[in-house]
Amino acid sequence: MGLIGAVFGLAFLVGPILGGIILTVTGWQWLFIINLPIALTVIIMGWRVLPVSRPASGRPFDLAGMMVLGIMLASLAFGLNQIDTQNFFSSLASLSVWPFLLIGIVLLFVFPAIERKAEDPILNLNLFKSRQTVIASMLSAGAGLGESGMVFIPALAVAAMPSIINEHNASYLLMPVVLAMAVGSPLVGRLLDKFGSKVMVFGGTLLLAAGMIMLSNSSLISMLWGFIASGAVIGLGLSSLLGARCGTSCSMKLQLQIAHLPKA
């Protein structure tokens with residue numbers, strides 16, 4: 001489970017590095033074109049490898065839930081994207097921000113009402129009655145915020161070391177994070193069996209916080225080795241959080257399966 005979860009984190013961080021390589025050797029159009037053969041390969045492999053399974057009895061698709069969820073997420077994403085951080089409060093009052101945020105917030109309350117009535121809901125709200133599900137969701141949110149912050153490492157490197165780092169090679173500074181996650185993920189899987197999720201979550205959070213603090217030290221990140229060390233610490237922290245999250249999710253799934261077993 002730790003290795004499966006690490007794939008998402010590694011892909012998220014490897015992408016900017018590949019983007020830097022592509023921009024170095026060719027034009028920006030290839031950032032989009034390169035996805036076409038990858039998508040075609042996935043479609044072919046999925047068609048040949050994935051098993052065909054169908055439910056015993058068909059249930060109506062939750063079209064209303066899907067539409068509300070899509071509009072809600074799109075509205076929130078667009079509204080947040082239009083916020084001007086230099087003029088935060090004034091931009092909130094603009095027509096390109098507050099109507100979309102309002103729609104997203106309103107639908108946030110409409111969506112659960114629709115899902116409770118759906119025969120086959122997009123999101124089964126009963127799952128959130130489990131403490132394990134809530135913990136796994138919180139871990140996912142925390143790890144996601146940590147990963148999203150990594151996107152700004154190249155921009156920070158350009159600002160901190162303009163004499164040696166430029167827009168074309170800045171993405172390579174994500175390599176310490178990626179390598180640390182590649183090394184830490186299988187190790188975390190073994191440590192989870194020995195120490196449990198609680199210890200790994202606590203340790204991963206401390207490492208992630210320490211790496212972020214290191215990145216906030218202007219004198220440290222003005223040197224290349226400071227960036228590399230910060231990235232390595234952050235990568236180890238993320239691998240711990242991702243592995244512990246997957247361990248918690250796996251435990252939750254097993255508990256749900258046991259709960260649905262027929263009683264003797």
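How many helices and how many strands are there in the chain? There are twelve helices and zero strands, where helices are DSSP runs of H or I with at least four residues, strands are runs of E with at least two, and both are numbered from the N terminus. The model is predicted, so local features need pLDDT of at least 70 and side-chain atom pairs count only at pLDDT 80 or more, while totals for chains, interfaces and linings use all residues. Residues are numbered from 1 along each chain as its sequence is written, and side-chain values use heavy atoms, with hydrogens and water left out.

With the surface displayed, the chain exposes about 17000 Å², 73% of which is supplied by carbon and sulfur atoms, by the Shrake-Rupley method with a 1.4 Å probe.

Next, select α1 (2-25) and α3 (35-49), each of which supplies at least two residues of the lining of the second largest pocket. A pocket here is an open set of points on a 1 Å grid over the protein atoms alone, where a 1.4 Å probe fits, with protein on both sides within 12 Å along at least five of seven lines; lining residues have an atom within 4 Å of a point.

Then show the lining itself: Ala11, Val14, Gly15, Leu18, Gly19, Ile22, Leu31, Ile34, Asn35 and Ile38. The largest share, six residues, comes from α1, and the lining divides into seven nonpolar residues, three polar and no charged, with Gly counted as polar.
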